Structures are given as C-alpha cells and as structure tokens.
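Have a look at the chain first, then follow along.

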Amino acid sequence: MVAITDAHDDLIHDAVLDYYGKRLATASSDKTIKIFDIEGTDSHKLVETLVGHDGPIWQVAWAHPKFGSILASCSYDGKAIIWKEQPETQQWSIIAEHLIHLASVNSVSWAPHELGAVLLCTSSDGKVSVVDFNDDGTTSHVIFDAHAIGVNLASWAPLGASGAKDASNQQRRFVTCGSDNLAKIWRFDQALGSYVEEAKLAGHSDWVRDVAWSPSILVRSYIATASQDRTVLIWSQDNQGVWQKQPLTPEPFPDVCWRASWSLLGNILAVSGGDNKVTLWKENLKGTWMSAGEVEQ
C-alpha cells in the first residue's frame, strides 16, 4: 500500500489514479494539484505541483490516454482548468480554462473516450455545462439549468446504456444530482442542440451529494445516489423503462453519505460517509444488496 503523508498544506478533497495506475493526482483546499509517480506498491515521487486556481480544488479527472496526458480540475473559484503534459519536456501547462459558471464548479468528468474529448461540469449556480474539445483545437459548449440551488455531481452513462450497438449511434447521456434532493437523467437532443431531461429520480429527503452510474451493464443498468439524509438508493429500470428505487440498507447509515463509487466491473459499490468509514456492498441472486465488507483505513 502506498501512503502519502504531508502531501498538501490543507484538506485533500480528491485523489485519482490515471488510466494505467502509474500516476496519482491530488486536489486540495491549499489551491494546488500535486502529481505523483507511483512506483510499485510501496513508493512514490512528487513530480509536479500545479498552480492556477484561486480557491479550494474539489475534484480532478484524468482524460483517456488516447488524448495525451491531460487532467481536468474544478474549484470553488468557479473555474474548470484543463492541464496538459508536453511529452517532450514533461512540463505541465494550462491549455484551456472554462470560465462560464457563476459559482463553485463542483465536479468534472470526462465522457467515455469513444464519444471524443468531452468534459462534463456541474456548478453551484444550478447549471451543467458540457465542453467539446475538437480535433482542430477549438472548443464548443452547451450550458443549461439542471437543479435549483445547485448541482453537486454528475456521472456519465456507460456506452450501451442507450441500447445502440456502435459508438456513432450512442446517445450522450448522464445523470446529475443536486441540492433540490433530486437526481436527473439527461440525454442530448440533436434537433435542439442541447440536453433534455429524460427522467427525474425522486426519493431522497435532503441534498443528494453523489451519484454514480455503474460503468458496466450486467443484468441491467444501475445508478446509485448518496444523500445527506443518510441513505443510499439503487435505481434500475423495469421492463417498461421506468426507474425504480431500492434502499441499499433497511436502516439509514450512521451519518451523512458523501460518496458512492462502483467497481470497474460494476458489481460492487463502495460507500463513504461522515463516520469516516468505507463500506462495500454487493447484490445477491435475490436482488438484495448485502454487505461485502469494510475498507480498513
């Protein structure tokens, strides 16, 4: 296990490994991003500190390596920044700043790489923006109202969730969650040139802090929502295409549920909350979610 101590001067809000698991990017309230080389299972080396935000940095996201060494970050300062490492010099620099939001940008996530270099941003201004980085170096974006009060997080649908067989016919779809106690599913409407609400997932009694679309479609498509109301709900579509909810646990969690994260295979869900514990959950053959252990800190 790699343990990195004293990496930042303030709280660390996010830590993400790249596609190959060789580099780790961390985001902090100290307004910096640090990039570490992870060497084996017991050593690391700080290779870069990225400075460019004017507030706490909430999240970082690596792009797929087909686009190069690219990292997106978002901050309380209302900016999303795109960073790129030049392969010749191994120097990092800012290649784009997304300045369209009027409040904290709370999350950044890259679309499945088959859809191109597409970045999804959510903000406390209640809006969601989707930025396309085109091959000719230009960018284009769509921005729309998503949740009253603010949008906390978003998660892309995996390819295949729309039923299309090839990437060219795939619809862009994602799910968002907000401070209006809701999660919403959106799809791109070619005729309108924007995103339309496909479904509203109402089941929580307080802010929905996190939403995660399972990355692989096993028997069906799953979405997990984690809320301030101390519950996690699992959503799946019935035969009529209607999204049905199922509580992950019969009783609420001991504290606020902050994050929900699926394994790569989509069969195990990790939940973290205000009690500083990470619990693992797995669906049994009867369709009931059972404890699969706890992550030892």
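I looked up Trp110 and found its bridge partner in β10 to be Leu119. β9 and β10 run antiparallel, joined by five bridges. For me, strands are DSSP runs (E, at least two residues; helices H or I, at least four), numbered from the N terminus, and two strands pair if DSSP finds at least two bridges between them.

A note on the source: this is a predicted model, where local features need pLDDT of at least 70 and side-chain atom pairs count only at pLDDT 80 or more, while totals for chains, interfaces and linings use all residues. Residues are numbered from 1 along each chain as its sequence is written, and side-chain values use heavy atoms, without hydrogens and water.

Next I followed β10 to its other partner. β10 pairs with β11 in the antiparallel sense over five bridges, and Leu120 has Val130 as its bridge partner in β11. Three residues lie between these strands in the hairpin, where Gly126 takes a positive phi near 90°.

Is β10 enclosed or open? Six of its six residues are buried, so β10 is largely enclosed by the rest of the structure; buried means under 20% relative accessible area, with a 1.4 Å probe and protein chains only. I checked both faces: Val118, Leu120 and Thr122 cover one side, and Leu119, Cys121 and Ser123 the other.

Key:
Buried means under 20% relative accessible area, exposed over 50%, partly exposed in between (1.4 Å probe, protein chains only).
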